[in-house]
Amino acid sequence: MSESIFKTIDAERRGTTFEEVVSQLREMIHNGDLRPGDRLPPERDLAKLLGVSRPTLRAGISSLAAVGVLQPRRGAGTFVVEAEGPPSLDSSPLRLMASLQRFTPAEMFEARRSLEMAIAGLAAERATGEQMAEMSEEVTGMFASLDEPEQFLVHDMRFHQTVAAASGNRILTALMNMVATILFEVRSKTVRRARDLKESAEMHRKIYRAIRDRNSEAARDAMRDHLMLAQKAQEQEEADAIHQPSS
Ligand SMILES: [Zn+2]
């Protein structure tokens with residue numbers, strides 16, 4: 001794979017969100033410029049090639065990892081998923097429907113809450129030591145990025161993906177990823193207005209500890225509390241955005 005296949009994203013399309021990264025990489029996979037098993041160039045190089053910041057690139061990669069298109073492997077880089085890899089559902093029909101406003105944010109949050117509570121309960125029963133270590137790492141990452149909301153959101157996404165993987169149920173995981181990816185994309189537009197990242201990091205730590213203690217009931221409760229608060233935070237950020245539009 002030659003690096004020249006990566007096209008710089010047009011300056012005027014370079015949004016503050018990572019959607020352009022997602023659509024460009026998807027297009028390259030669709031066209032066969034990127035094939036299953038290919039490794040993406042190192043983050044620094046790829047950010048330069050696409051003309052986006054590293055947090056934006058990271059968010060785009062996380063989003064594609066959430067729907068099973070890319071797979072970050074620790075210490076080895078990020079790979080295009082092998083064709084025979086774990087099944088994933090394409091989120092685009094859901095995304096389209098969401099954009100047609102058939103789903104309200106309240107419905108999306110309710111669906112996510114139901115799925116993630118079930119997932120957290122199962123993760124408390126089934127998580128491996130390695131998965132728990134990954135959850136702990138993402139929580140540490142959240143506390144380290146309290147002043148960088150976009151980076152915080154990447155750790156937040158990865159935390160939920162790890163808990164989902166730890167549930168051991170691929171159907172619940174695929175459904176959760178579809179719903180959560182849409183919500184994370186919406187959130188990425190307002191997250192820099194976030195006020196409560198420390199409280200959010202603490203709630204993730206509570207979920208992690210309940211899973212580590214193999215306490216399903218506590219894991220479900222902590223996940224419910226976290227997602228109720230996340231919904232309120234998002235509603236608040238959107239209200240702020242309407243009252244004080246950014247320049
Ligand atoms: Zn979260």
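Helices are DSSP runs of H or I with at least four residues, strands are runs of E with at least two, and both are numbered from the N terminus. Axes are lines fitted to C-alpha atoms, for helices over the stretch in contact, and angles run from 0 to 180 degrees between N-to-C directions. The model is predicted: local features need pLDDT of at least 70, side-chain atom pairs count only at pLDDT 80 or more, and totals for chains, interfaces and linings use all residues. Residue numbers start from 1 along each chain as its sequence is written.

Helix α9 (residues 197–212) and helix α10 (residues 216–243) have axes that come within 8 Å and cross at roughly 165°. The two are therefore roughly antiparallel (angles over 145 degrees; under 35 is roughly parallel, 65 to 115 roughly perpendicular, and the rest oblique). Their crossing is left-handed, the near helix being turned anticlockwise from the far one by less than a right angle; clockwise would be right-handed. From α9, S200, M203, H204, K206, I207, A210 and I211 make the contact with A218, A219, A222, M223, D225, H226 and L229 of α10 (C-beta atoms, placed from the backbone, within 7 Å). These residues comprise nine nonpolar, three polar and two charged (nonpolar: Ala, Val, Leu, Ile, Met, Phe, Trp, Tyr, Cys and Pro; charged: Asp, Glu, Lys and Arg; polar: the others, Gly among them).

A second pair is formed by helix α5 (residues 105–126) and helix α8 (residues 170–188), whose axes come within 9 Å and cross at roughly 140°. That angle makes α5 oblique to α8. The crossing of α5 with α8 is left-handed. In α5, M108, A111, R112, L115, E116, A118 and I119 meet L172, L175, M176, V179, A180, I182 and L183 of α8. This contact has 12 nonpolar residues, no polar ones and two charged.

Definitions and conventions
Two residues are in contact if their C-beta atoms, placed from the backbone, lie within 7 Å.
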